[in-house]
Amino acid sequence: MNTVSKKNLYEVAGKFQIDGEILSVEPYGSGHINDTFRLIEKQGEEEKAYILQRMNGEIFKNRDELMENIMRVTSFLKEKIVAQGGDPDRETLQVIPTRTGESYYKEEDGEGWRVYTFIVDTISYDLAESAADFNRSGYAFGNFQYLLSDFPAEELHETIVNFHNTVDRFDKFKKAVEADVMGRAKEVEPEIRFVMDREQDCHFFGNLLANKEVPLRVTHNDTKLNNVLFDRETGKAICVIDLDTVMPGFAAHDFGDAIRFGASTAAEDEKDLDKVTCSMELFEAYFDGFMEGCRGSLTKREVETLPMGAKIMTLECGMRFLTDYLEGDVYFKTHYEGQNLDRTRTQLKLVKDMEDKWETMKTIVNK
Ligand code: ADP
Ligand code: GN1
Ligand code: MG
């Protein structure tokens with residue numbers, strides 16, 4: 001993706017319904033996909049913050065459809081939050097339209113930009129600081145799924161086709177190994193073998209769906225801990241963000257992706273693998289919060305498959321990082337050479353750790 005100059009950022013900011021003087025636009029957050037900036041506007045004596053984001057056009061090919069999803073989902077959530085007596089300004093994303101009333105601004109070269117109100121006095125974590133925090137994020141994602149349980153799923157566009165189709169991810173991984181465009185396959189033979197040995201696991205959820213054992217629901221599909229904002233004062237997880245991949249999916253995938261990231265005792269790119277384990281205390285804390293947020297809406301079979309959701313989402317993510325490493329780091333943002341390989345190794349270590357702790361995870365979800 002192209003870099004962007006300061007001048008261009010101010011120009012782009014000027015396209016939106018932000019009337020005061022723009023004081024600053026600075027890079028913000030640690031997402032792997034979009035280019036995110038924090039924008040400060042001065043309105044009289046007051047300062048107001050926004051999130052300005054350039055959507056990743058390599059990944060999100062159809063920004064009209066993507067933004068249509070976001071407009072629909074955020075307005076649906078807003079109504080539900082109001083009905084529940086919540087504060088829609090803090091509990092859901094809110095899109096600021098362009099001066100011409102569009103949901104996003106299209107640059108001549110095809111790049112797409114959007115603006116959200118900045119949800120102030122919140123914090124997002126790249127690592128769980130306590131089981132209590134992680135429990136609250138579980139509640140927030142469970143509640144998110146619950147609130148969307150009567151959203152008309154057929155009206156959502158598939159923003160990334162086959163996003164959590166693990167069999168398709170495995171095929172793409174195998175092709176990347178065969179093509180080996182960067183000549184890196186030799187160096188990562190143990191990692192390739194680890195993934196290849198688990199090919200059968202990749203079929204698990206596809207088979208469940210084919211046998212109608214679990215339903216498709218409207219899910220978030222990217223439930224990592226830094227995609228939820230916590231209120232600085234109350235510590236509550238108040239707002240689920242990063243809605244680019246809200247699509248029909250499996251409840252166990254939303255549960256599992258959150259465990260992959262948030263129940264890990266180390267950062268996603270930790271080099272010292274001795275530090276990387278899947279904490280059962282965090283797993284249980286998240287499970288309790290998620291179940292509470294879902295308010296009994298999951299079937300018995302769905303609950304049983306939650307540990308598998310954790311393992312498959314972690315394996316799939318490891319496979320995606322490794323694919324990207326083999327392809328020359330073209331998908332996920334990287335900040336140093338080899339970061340995707342470090343990320344791969346933490347994910348595979350977590351998969352192994354989950355396999356070792358399988359009985360404990362099963363006991364927790366069957367309690
Ligand atoms: P990506 O798809 O690249 O992960 P996100 O939409 O998750 O992008 O945004 C990146 C980060 O920016 C988030 O992890 C969060 O810290 C911050 N962020 C995003 N939207 C908001 C918002 N409306 N208010 C406050 N912070 C936000
Ligand atoms: C990306 O956008 P972000 O940083 O929240 C990715 C997820 C991965 C995650 C790994 C659209 O999430 O699928 O699980 O990185 N999002 C997309 O950290 O590919
Ligand atoms: Mg994100």
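Predicted model: local features only at pLDDT ≥ 70, side-chain atom pairs only at ≥ 80, totals over all residues.
Residues are numbered from 1 along each chain as its sequence is written, chains are lettered from A and ligands numbered from 1 in the order in which they are written, and side-chain values use heavy atoms, with hydrogens and water left out.

An N or O atom in the side chain of aspartate 222 is 3.1 Å from an oxygen atom of the ligand, and a polar side-chain atom of arginine 260 lies 3.4 Å from an oxygen atom of ligand 2. In total, 18 residues surround ligand 2, the closest being His32, Lys224, Glu268, Arg320 and Tyr331; a residue is near a molecule if one of its heavy atoms lies within 4 Å of it. By class, this shell holds eight nonpolar, four polar and six charged residues, where Ala, Val, Leu, Ile, Met, Phe, Trp, Tyr, Cys and Pro count as nonpolar, Asp, Glu, Lys and Arg as charged, and the others, Gly among them, as polar. Helix H11 (residues 306-326) gives the largest share of the shell, three residues; helices (H or I, at least four residues) and strands (E, at least two) are DSSP runs, numbered from the N terminus.

What about ligand 1? Isoleucine 33 has a backbone N or O atom 3.2 Å from an oxygen atom of ligand 1, and a polar backbone atom of asparagine 34 is 2.9 Å from an oxygen atom of this ligand. A nitrogen atom of ligand 1 lies 3.0 Å from a backbone N or O atom of isoleucine 119. Taken alone, ligand 1 exposes 550 Å², of which the protein buries 97%. Among the 18 residues around ligand 1, the nearest are Asn34, Gln53, Ser124, Asn226 and Asp242. Its shell has eight nonpolar, nine polar and one charged residues.

Now for some residues of the protein itself. Threonine 223 is in the loop between strand E8 (217-219) and strand E9 (228-231). A polar atom of its side chain lies 2.7 Å from the backbone oxygen of aspartate 254. Threonine 223 counts as buried because its relative accessibility is 1%, and buried means under 20% relative accessible area, exposed over 50%, and partly exposed in between (1.4 Å probe, protein chains only).

Phenylalanine 283 belongs to helix H9 (residues 280-294) and, at 0% relative accessibility, is buried as well. Its C-alpha atom is 39 Å from that of proline 97, 186 residues apart along the chain. Finally, valine 365 sits in helix H13 (residues 358-365) and is buried, with a relative accessible area of 5%.

Definitions and conventions. Polar contact = N/O pair within 3.5 Å; in protein donor to acceptor, adjacent residues only side chain to side chain. Areas by Shrake-Rupley, 256 points an atom, 1.4 Å probe, with all protein chains shown as cover.
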